[in-house]
Amino acid sequence: MIEALVQSRPAILPLSAWQALDEERKEAHGAPIGVRLDPSEDIAAIVDALDDLPIVALSFPAYTDGRSYSKAVQLRRAGYDGPIRAVGDVLYDQVDHMVRTGFSELSITNEPTIAKLERGELPGIDQRYQPSLDDEQATNRFAWRRHAA
């Protein structure tokens with residue numbers, strides 16, 4: 001998989017491809033390489049490398065699959081302070097909860113959500129029933145930016 005990447009350009013690899021790379025091949029690429037976890041994959045597979053990861057992407061294959069919220073919280077509690085990117089089918093109403101659970105970036109496919117975020121509309125929820133990562137995270141907002149998946 002690394003051979004197919006553009007040399008010296010940052011990349012995000014699926015967990016299995018990331019695990020297959022040795023340090024020499026990562027260094028030969030010449031740019032940071034992050035990892036993407038699917039909802040069924042455990043963060044235990046990357047927890048020993050958190051200090052070296054430039055980014056972790058968490059997949060949302062369907063808006064009804066919320067397992068990646070838990071992964072974001074687990075990553076933050078494990079000490080990961082780098083960017084966590086939500087990738088996939090994300091609805092506008094989910095964005096506020098993503099901020100509260102530790103996400104910092106979005107790379108999404110839901111067109112109505114994209115349109116609202118591009119207009120500068122950031123959702124806010126007045127009554128919250130799920131706990132946030134911490135009090136500071138509850139009021140934090142991130143800017144909408146387009147990212148390659």
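**Entry 1: the sheet**

I started with strands E2 and E3, which pair in the parallel sense over 3 bridges. Two strands count as paired when DSSP finds at least two bridges between them. Strands (E, at least two residues) and helices (H or I, at least four) are DSSP runs, numbered from the N terminus. I'm looking at a predicted model, so local features need pLDDT of at least 70 and side-chain atom pairs count only at pLDDT 80 or more, while totals for chains, interfaces and linings use all residues. Residues are numbered from 1 along each chain as its sequence is written, and side-chain values use heavy atoms, with hydrogens and water left out.

Next I followed Arg-36 of E2. It is the bridge partner of Pro-14, and it also stands opposite Ala-57 in E3. E1 and E2 are parallel too, over 4 bridges. Further along, E4 (residues 84–88) and E5 run parallel, joined by 4 bridges, and there Ala-86 stands opposite Leu-106.

Put together, I get an open sheet of 5 strands in the order E1-E2-E3-E4-E5, with parallel pairing. E1 (11–14) and E5 (105–108) each have a single partner strand, so one side of each has no neighbour in the sheet. On average, neighbouring strands are turned by 25° against each other, direction ignored. (Axes are lines fitted to C-alpha atoms, for helices over the stretch in contact; angles run from 0 to 180 degrees between N-to-C directions.)

**Entry 2: helix H3**

What does H3 (residues 67–77) lie across? I found E2 (33–37), E3 (56–60) and E4 under it, with H3 running at about 160° to E3. Ser-68, Tyr-69, Lys-71, Ala-72, Val-73, Leu-75 and Arg-76 of H3 are buried. Buried means under 20% relative accessible area, exposed over 50%, and partly exposed in between (1.4 Å probe, protein chains only). The buried H3 residues pack against E2, E3, E4 and H4. E2 is mostly covered as well, with 4 of its 5 residues buried. After H3 comes Gly-79, and its phi is positive, near 100°.

**Entry 3: the core**

I looked up the largest nonpolar core: 31 residues, and those with the most contacts inside it are Trp-18, Ile-46, Leu-75 and Phe-103. (Such a core is a set of buried Ala, Val, Leu, Ile, Met, Phe, Trp, Tyr and Cys residues joined through side-chain atoms within 4.5 Å.) H1 (15–20), H4 (95–100) and H5 (111–118) are among the elements that each supply at least two core residues.

Which residues touch Leu-75, leaving aside neighbours within four places in sequence? I noted Ile-43, Ile-46, Leu-50, Val-56, Leu-58, Tyr-80 and Ile-84, taking contact as heavy atoms within 4.5 Å.

**Entry 4: a pocket**

The second largest pocket has a volume of about 230 Å³. Helix H2 (residues 23–29) gives the largest share of its lining, 3 residues. Trp-18, Asp-52 and Pro-54 are among the other names on the lining list. Here a pocket is an open set of points on a 1 Å grid over the protein atoms alone, where a 1.4 Å probe fits, with protein on both sides within 12 Å along at least five of seven lines; lining residues have an atom within 4 Å of a point. Points are joined across faces, edges and corners, and the volume is the space filled by probe spheres set on them.

**Entry 5: Glu-111**

Is Glu-111 buried or exposed? Glu-111 sits in H5, and at 55% relative accessibility I put it down as exposed. Tyr-92 is 19 residues away in sequence and 9.7 Å away in space, C-alpha to C-alpha.
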